[in-house]
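Start with the structure below.

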Amino acid sequence: MPVFPLGAHAEDDGVRFAVASTSADAVEVCLVDGPDDLLSERRVELTEHTFGVWHGHIAGVRPGQRYGYRVHGPYRPWDGVRANPAKILLDPYTRRVLGRVTDLTAARGWVHDPMAGTLSDVDSLGKVPLSVVGEPDTPFTGERPEVPWSETVISELHVRGYTMRHPEVPPEHRGTYLGLAHPAVIAHLQRTGVTAVELLPVAAIAEEPPLLERGRRNYWGYATLGFLAPEPDYATAPGREIEEFTAMVSALHAAGIEVIVDFVPNHTAEGGVGGTTLCYRGLDAPAYYSLGGAGHDADITGTGNTLDAGSPTVIRLVCDAMRHWVTVLGVDGFRIDLASVLGRPRSGPFDPNAPLLTAIALDPVLSRVKLIAEPWDATGEGYRVGGFGVAWSEWNGRYRDAVRDFWRGHGGIAEVASRLTGSSDLYKPGGRRPWASVNFVTAHDGFTLRDLVSYERKHNEANGEDNRDGTNDNRSVNFGVEGETSSPVIRARRLAAARAMLATLMLSTGTPMLLGGDEWWRTQRGNNNAYCLDDETSWVDWTPGPEQASMAAFTARVTALRRGSRALQRDRFYRDGEVLWWHPAGRRIRGHDWHDGGLHSLGLMREEWLLLLHAGRDAIPATLPPGGWYVPQLDSTRDDGCPPTTRPVPGGTTITLPARSLLLLRWQEGRDAAPDQHLS
């Protein structure tokens, strides 16, 4: 009898089941039938036990059969072992998850005290999710866009939130995979210049115990239950999630847009030892979780538990799941949440060559797709921006902080200059290319772009945690009024500052990532941690308006400029002498200028492009570098970015840089046009 692959696999005369558990004494497959209010089960013991895997063939079982596992074995919470046959467990390898947790008491494996030896004898059947036997996997054979890294422009978005209020998406498709596949949505992404969508978690989700206690949902989805199963709530009907997910992928691919999924192989939805027993804890907690002292879970994720990146069981599950998303579901890459955890076996020190990171990087399938690390976890040891191996790109948190600081007028120019040119200090020593730096100013976690220039404090009261959750380090500016305002002057200043930051992002060397909805001037009313708000706070409001239209037009213009220039999509770091750093006084930036905390302006000349950035509160004169002519291409002070004139300006001319402004000019030789002597 074959031991692998793990999971439930339909054959001609039945289904072959295989599940890993090194601590079990016995494992039963529970075949569940009947209506939801009157479920029945037939238990079949798996008598074959090989290499820590319980396996067997059950005749007569067909695809569509609901099932789970019951594990018999020791219950010693002080040792981290928590088998409890009263709890029906999800198959870690299920392709489809049915149902949600409806009774927290039934979902817990303990009573009175999670560290005592008293088991809960409440049967969890009917109150927790079940696995479903699927049809044999069909390999994804569609043509992929295969966009080079240097040409990639990412939009990070939420499948549900991006289309819930979209007027052109049929009501029955809003908030679903098919909603994201709608032609109007895809056309908007194309106009925006997006080449890849990075989807917040789409693997099957379950609410963590604290959210269940408060009756909340995990809207963001960073609480995975089934790593191989698409989230069923994003389908138009139960059981259609696989077909509709792959239809969405195919539609995006046909438009030249890649699909990157946010994958969360660092923890599960079960929470800490006081949490639930839905799958991993009941199957074999020591094989799945990194354990601390006295049976407690080690917690370097901030979620209560941490998957052990040094466990062969975890390494196999993570790699098998990722391959499944590529080969069967068609995705083009992964953003790995809290990826530093994958480099910390048993929650120890970080090692970029740790077994799980190495297994992913060397896998013949996974090594060919886009791999993006979130290079930190919930601890100081885990902050590893620039510390991953050559197979990985990274969310560059230092880029975010530097650009935010620069445009709010804090600090000097040295840090932002390094970030503008690809962060060679972080990525070049390890042999990586500039596109390893995934540059971003805003992301799902934090303020939107609009809120970044409208709020200086978080406003998370709606989350139900007394505004304690979410970061206080926002590096934002409100232009004198906290929140929304009717002042046309303040609104104009906010839009101009936001356009300057967005243009900085798109014109920097590296891989730009937009937060989906920023191009439509989305607000969350100052909430910087809307993880549990599945409502208008988190959904993109597609109501048209002049500010929305101007921001969309500006985004399209700056992405088009990037797309049309190889120099703006550079895939090599600059060498000495290839970049000119220019002072607005009309000279090269010198050594002491880099340490001048009062200097809030700089010019960057690279190949044929001159980029001028001025973060000061007042307009200043700036003298262009001598020689040749400069043709204005982008002006962040204009609603759509179109400069008031595109007539060439001779080198050496003094122009005016308005407050908090960005200007992009293209250098050319010749004297084929009469110059303006002053540009404002």
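## Aromatic pairs

The count comes to 21 aromatic pairs. Rings of Phe, Tyr and Trp (its six-membered ring) pair if their centres lie within 6.5 Å; planes under 30 degrees apart count as stacked, over 60 as edge-to-face and the rest as tilted.

This is a predicted model: local features need pLDDT of at least 70, side-chain atom pairs count only at pLDDT 80 or more, and totals for chains, interfaces and linings use all residues. Residues are numbered from 1 along each chain as its sequence is written, and side-chain values use heavy atoms, leaving out hydrogens and water.

## A tilted pair

Take Phe350 and Phe388. Their ring centres are 5.2 Å apart and their planes stand at 55°, so the pair is tilted. Phe350 lies in the loop between strand 17 (333-336) and helix 9 (355-362), and Phe388 in the loop between strand 18 (370-373) and strand 19 (393-395), so the pair ties together parts 38 residues apart in sequence. Helices (H or I, at least four residues) and strands (E, at least two) are DSSP runs, numbered from the N terminus.

Phe350 is buried at 10% relative accessibility. Phe388 is buried at 5%. Buried means under 20% relative accessible area, exposed over 50%, partly exposed in between (1.4 Å probe, protein chains only).

## A stacked pair

The ring centres of Trp376 and Tyr383 are 6.0 Å apart, with planes at 10°, so this pair is stacked. Trp376 is buried, at 13%. Tyr383 is partly exposed, at 40%.

## A cluster

Phe227, Phe263, Tyr280, Tyr288 and Phe334 form one aromatic cluster.
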